[in-house]
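Me: I would like to go through the terms used for this model and see what each one rests on. Please set each value against its definition.

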Amino acid sequence: MTVVPTTDTTVQQPLTLVMPVRPEARRALRAEVEQLQALPRADNPVITALDAIGTVHFARFVFLDDDRLAVITTYDGDFDRYIMDFVDHIGPVFDLLLQHMADPPPLPVQQHPDEFLDYVRRHDLACLPPFYSAYPTRPVLDIRADAG
């Protein structure tokens, strides 16, 4: 799947990564995600990494059902760079999650970045255009600067 901006002026892009969970791993995965989400902000590696990356507007984990975990984000810029930022900043978190998936890429993702990129491409549900943004030309860094 090729990711293209939905308009010529929209800097934000959607990601809806839906990963199939191995049936025998459902409980363990849910426990891992709940434990991760329960960490204080300063100790949460996902929040720390997304703050450092500086291109993510919103991010969340969603169990769509017992068989699928979704990572849903809105981010600025290029898809490949964004996924490589995941590899660089929170590869170990994805290693933890992917060990519970039905068809994971080779792990650890930091040693297999191209395979991880291909995996995310295959499991990203394309958004139906148009993609709406209340501030289509404002990247995260500009919004933070104005807030601050």
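Predicted model: local features only at pLDDT ≥ 70, side-chain atom pairs only at ≥ 80, totals over all residues.

Me: What makes β1 and β3 paired strands?
Reply: Strands are DSSP runs (E, at least two residues; helices are H or I, at least four), numbered from the N terminus. Two strands pair if DSSP finds at least two bridges between them. β1 is joined to β3 (residues 68–76) by 9 bridges, so the pair meets that definition. The two strands run antiparallel. Pro-14 stands opposite Thr-74 in β3, and Met-19 has Leu-69 in β3 as its bridge partner.

Me: Why are β1 and β2 called edge strands?
Reply: The open sheet has 3 strands in the order β1-β3-β2, with antiparallel pairing. β1 (12–20) and β2 (56–65) each pair on one side only.

Me: How do you know that helix α3 packs on the sheet?
Reply: Contact means heavy atoms within 4.5 Å. Helix α3 (residues 79–98) touches β1, β2 and β3. The direction of α3 makes about 30° with that of β1, where axes are lines fitted to C-alpha atoms, for helices over the stretch in contact, and angles run from 0 to 180 degrees between N-to-C directions.

Me: Why is Asp-85 called buried?
Reply: Buried means under 20% relative accessible area, exposed over 50%, and partly exposed in between (1.4 Å probe, protein chains only). Asp-85 has a relative accessible area of 14%, so Asp-85 is buried. This residue lies in helix α3 and touches Ile-53 and Ile-90, not counting residues up to four places away in sequence.

Me: What makes a set of residues a nonpolar core?
Reply: The set must consist of buried Ala, Val, Leu, Ile, Met, Phe, Trp, Tyr and Cys residues joined through side-chain atoms within 4.5 Å. The largest such core has 33 residues, of which Leu-69, Ile-83, Phe-86 and Phe-116 touch the most other members. Helix α3 gives the most to this core, with 11 residues.

Notes:
Residues numbered from 1 in each chain as written. Heavy atoms only, no water.
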